[in-house]
Amino acid sequence: MRIVATNVKNHEKLKDHLKNYGIITEFKIYSNKIIIGFSKEEDGIRAVNGTDKMYIENKRVNIKILKNINNDVINETKEEFKSDKFHKEYDLIRIINIMDLKDKLSLSEIEFKEQIKQCFSEFFKIIDITFSDEVILKVVRENSMNKKIIFCGRIVKYKKIININLFLTFSSVLNNVEDKISFIKDKDIGVKSTILETEIIQNNIKFLYENNIDINNISHINRKGLLVRNEIVIDGIKARVSTNGSLSLLYFTTEEECERNKIIIEQRCRYVEYMPVSKKNEKEEINIATNKLLIKNIPFQATKEEIKKLFSKFKIKGIRVPKNNEGRIRGFAFLEMENVDEARYVYEWYGKFTHLYGRRLIIEYSNN
């Protein structure tokens, strides 16, 4: 089993992490990617599932299976990853109504992903396919979203995702701490920084909502406005800044003026985006009848006690953290809350923008 990793800053840290999944038979470093070989197929699959989108030294690593070892496939991989522009020119498409077919058709994740690829490749140039509680396609930028697609006899419901990146760097989190030295020396700094980051992000979500931006209902972007993940004010330009100073909204009179300032601000601030625009009265209602949650993508160095502390502001009925034969956690946990409302509060509070030791936690409802 061979896998390919891109966007890697520290090769040795990645290698040390991947050793946790099995015996590495190959670790070849190229200019823009790393090819890794595992002795067992299941080890490679676990490595991909456990490492893809993981943060190593503030860079999100991308890992996927390299299906063939011949030169043609390697050349295709080189072509795919040779340009930064290629990665920026993509759309995320949310497939709303097919995830249940995986169980109905008794398909493994790999088989299900292959069927999706075969069907949707007729309509989109697919870069990647990921699963959460829905299917997400990463495709080369697509202007037409009016295609009628049928998957396994079902008409597909889908829409383009416009993401807002609200994650914070550790230094941004630290800016909101009065006693920085005590905070850094605290033995629970990992959990406490996660809790503080999430609180700041929730305040930013409220700030955006008060300025008519609902992050759960984005329809398009406004090219006369900028969203900046920093406190920034420009003379003569209307601006609104969040109370914690980690988010700014800038309003311009023309698209040309906005574009000029965007180029200038990008030299000073890392995260600058055009201002998102929300649809009105189209918020989706999700009816959930379970008090159980599945927490995925938990870093292996985390402990059961840390996970319990992370969710301690909510009413927990029980927690289970599966471990492997060596006594290390397997990267996921089950939370049983006292009631359905508590489960919903956890899902809404932590569900999208929570990092623990650099890894984004994935929180889903669970019936098991």
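**A look inside**

Modeller: Let's start with a cysteine: C269 counts as buried because its relative accessibility is 6%, where buried means under 20% relative accessible area, exposed over 50% and partly exposed in between, using a 1.4 Å probe and protein chains only. Before going on, bear in mind that this is a predicted model, so local features need pLDDT of at least 70 and side-chain atom pairs count only at pLDDT 80 or more, while totals for chains, interfaces and linings use all residues. Residues are numbered from 1 along each chain as its sequence is written, and side-chain values use heavy atoms, leaving out hydrogens and water.

Staying with cysteines, C119 is buried too, at 12% relative accessible area. Its sulfur sits 7.4 Å from the closest cysteine sulfur, that of C152, which is too far for a bond. The structure holds zero disulfides, a disulfide being a pair of cysteine sulfur atoms within 2.5 Å.

Now for the greasy part. The largest nonpolar core has 22 residues, and I164, L166, L208, I213, I215, L249 and F353 touch the most other members. By core I mean a set of buried Ala, Val, Leu, Ile, Met, Phe, Trp, Tyr and Cys residues joined through side-chain atoms within 4.5 Å. Helix 7 (170-174), helix 9 and strand 13 each supply at least two residues of this core, helices being DSSP runs of H or I with at least four residues and strands runs of E with at least two, numbered from the N terminus. Helix 9 gives the largest share, six residues. Leaving out residues up to four places away in sequence, I215 touches I164, L166, I205, L208 and F353, with contact meaning heavy atoms within 4.5 Å. There is also a second, separate core of 21 residues, including V191, F311, I319 and V321.

E197 is buried yet has no salt bridge, and R229, the nearest side chain of opposite charge, is 6.8 Å away. A salt bridge needs a side-chain nitrogen of Lys or Arg within 4 Å of a carboxyl oxygen of Asp or Glu; for charge, Lys and Arg count as positive, Asp and Glu as negative, and His and the chain ends are not counted. Beyond four places in sequence, E197 touches F167, L168, V173, F353 and H355.

Finally, strand 13 (residues 218-228) pairs with strand 16 in the antiparallel sense over seven bridges, where pairing takes at least two DSSP bridges. N222 stands opposite M275 in strand 16. Strand 16 (residues 272-278) is mostly covered, with five of its seven residues buried.
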